[in-house]
Every structure is written in C-alpha cells, then in structure tokens.
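These are my notebook entries on a single structure. I record below what I looked up, entry by entry.

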Amino acid sequence: MESDSLTPPPAGRGWLALAFEFVGVVAFVVMFGSTLLGVIARYFEFGGVEWSFEIAGIAFIWITFIGVINAELRGENVAFEALNHAAPARLRAVFDIIATIALLAIGLAFMVSGWAVWQRSWAVPTSVLRMPTGVITATVLILGVSAVCIAASRVRRNLGSLFSAPGKGEAQ
C-alpha cells in the first residue's frame, strides 16, 4: 500500500475536518443519549420524554450527512480502491478526476435540491417538538456545499497528477 493513500494522522488534518468530526461525535452522543432516555422511560413507564425519539431521529440524520462529509474528507467514501491501486499512475489520475467530477455533480444536486426544499418547508414544525424542519434540511445544504468545496479543492491536485511525469519504475 502506498503511503500517500493512508489516512493522515489527526494532526495532519485541518481544523475544518476536525470540526466536522466534532459535530459528528456530538450528534452521536445526542442520538445515543436521547434513545437511551426513551428506552429507560418506556421500561420504567414514565412519560414526558416522548420528544427523545424525535431528537434521536434528527441526530441520526445529522450523523449520516456529517459522516458522508467526514468520509469524503478522508478519501474513504465509496471507491474502487482495488482497481485504483492496480492501475498505473496516469489512469489513477483519470479515476481521481472522474471521482472529483462526480462529487461536484452530486454536491451541486444536493445544493439545488436542498435549497428548493429549504425555501418551501424550513419553517414547517416537526411533529413533537414543533422545531422548524430546517434543522433537518440544513444537513442537505451543508452536505452539498461541503461536497462542492471538497471537489473544488481536489481539482488542482488531480490535474497536477494527470500531467506530471510518470513515477519511478513505471512504464511510459
């Protein structure tokens, strides 16, 4: 395995990646705690915490979307790694460019659809807590903007690797 394909240590990641990881951890703790509270309330048959399952559901959505961003930042999202590692450097660069274009397209789709949903329903209240559903829709917008930004940051690197000279021991 090549050293540049390994996940960098936490100190090697930027503050934004660490912020997304922190948000993911907070969302997980909220989901776990509210689910546990709901289970305990049902077991001991006391009321007043019906909201806990709605909070758990909202936190689960945040975990899912923030998790996608974290995986993409680490380069751990869906990929054909075996094919990519077996390919020559130039072909890997082409695969990276295709993946970047796909990420950009998906990010733009999430931004457009997320904005459309946001405009129509951000203030619609949730069923139990009556929170605005914008709390949920914001995840789609954040994912879209993040995907576009990640793709944009990869364009220069991908183009540079496509047009660079082949590595040592590689056929030209």
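This is a predicted model: local features need pLDDT of at least 70, side-chain atom pairs count only at pLDDT 80 or more; totals for chains, interfaces and linings use all residues.

I take contact to mean heavy atoms within 4.5 Å. Residues are numbered from 1 along each chain as its sequence is written, and side-chain values use heavy atoms, with hydrogens and water left out.

Entry: R154.
I looked up R154 and found it in helix α5 (residues 134-163); helices here are DSSP runs of H or I with at least four residues, strands are runs of E with at least two, and numbering starts from the N terminus. I asked which residues R154 touches once its neighbours within four places in sequence are left aside. The partners are E72, L73, G75, T100 and L103. R154 counts as buried because its relative accessibility is 15%; buried means under 20% relative accessible area, exposed over 50%, and partly exposed in between, with a 1.4 Å probe and protein chains only. From R154 to A99 I note 9.9 Å between C-alpha atoms, across 55 residues of sequence.

Entry: the chain as a whole.
I counted 5 helices and 0 strands, and the order from the N terminus is α-α-α-α-α. The chain has 172 residues, of which 29% count as buried. I looked at contacts between residues at least 6 apart in sequence, and 71% of them join residues at least 24 apart.

Entry: helix α4.
The 33 residues of α4 reach 47 Å from first C-alpha to last, close to the expected 48 Å. In α4 I list R92, A93, I97, T100, L103, G107 and G114 as buried.

The 29 residues of α1 should span 42 Å, and the end C-alpha atoms are 42 Å apart, so the two values agree. The buried residues of α1 include F20, E21, M31 and S34. Just after α1, I note a positive phi of about 55° at E45.
I also recorded a nonpolar surface patch formed by V25, F28, V29, F32, L36, I40, Y43, F44 and F46, with about 960 Å² of accessible area together. L36 belongs to α1 (residues 15-43) and is partly exposed at 42% relative accessible area.

Entry: aromatic pairs.
I took rings of Phe, Tyr and Trp (its six-membered ring) as paired if their centres lie within 6.5 Å, with planes under 30 degrees apart stacked, over 60 edge-to-face and the rest tilted. The count is 4 aromatic pairs. The F65 and F110 pair is edge-to-face because the ring centres are 6.3 Å apart and the planes stand at 85°. F65 lies in α2 (residues 51-74) and F110 in α4 (residues 89-121), so this pair ties together parts 45 residues apart in sequence. F65 is buried at 18%, whereas F110 is partly exposed at 28%. W118 and W122 form a stacked pair, with 6.0 Å centre to centre and 15° between the planes. W118 is partly exposed at 24%, and W122 is partly exposed at 42%.

Key:
Patches are made of residues with over 30% relative accessible area and no salt bridge: like charges are joined within 9 Å, nonpolar side chains (Val, Leu, Ile, Met, Phe, Trp, Tyr) within 5 Å. Accessible areas come from the Shrake-Rupley method with a 1.4 Å probe; for residues, only the protein chains shown count as cover. A salt bridge is a side-chain nitrogen of Lys or Arg within 4 Å of a carboxyl oxygen of Asp or Glu. The expected span of a helix is 1.5 Å times one less than its number of residues.
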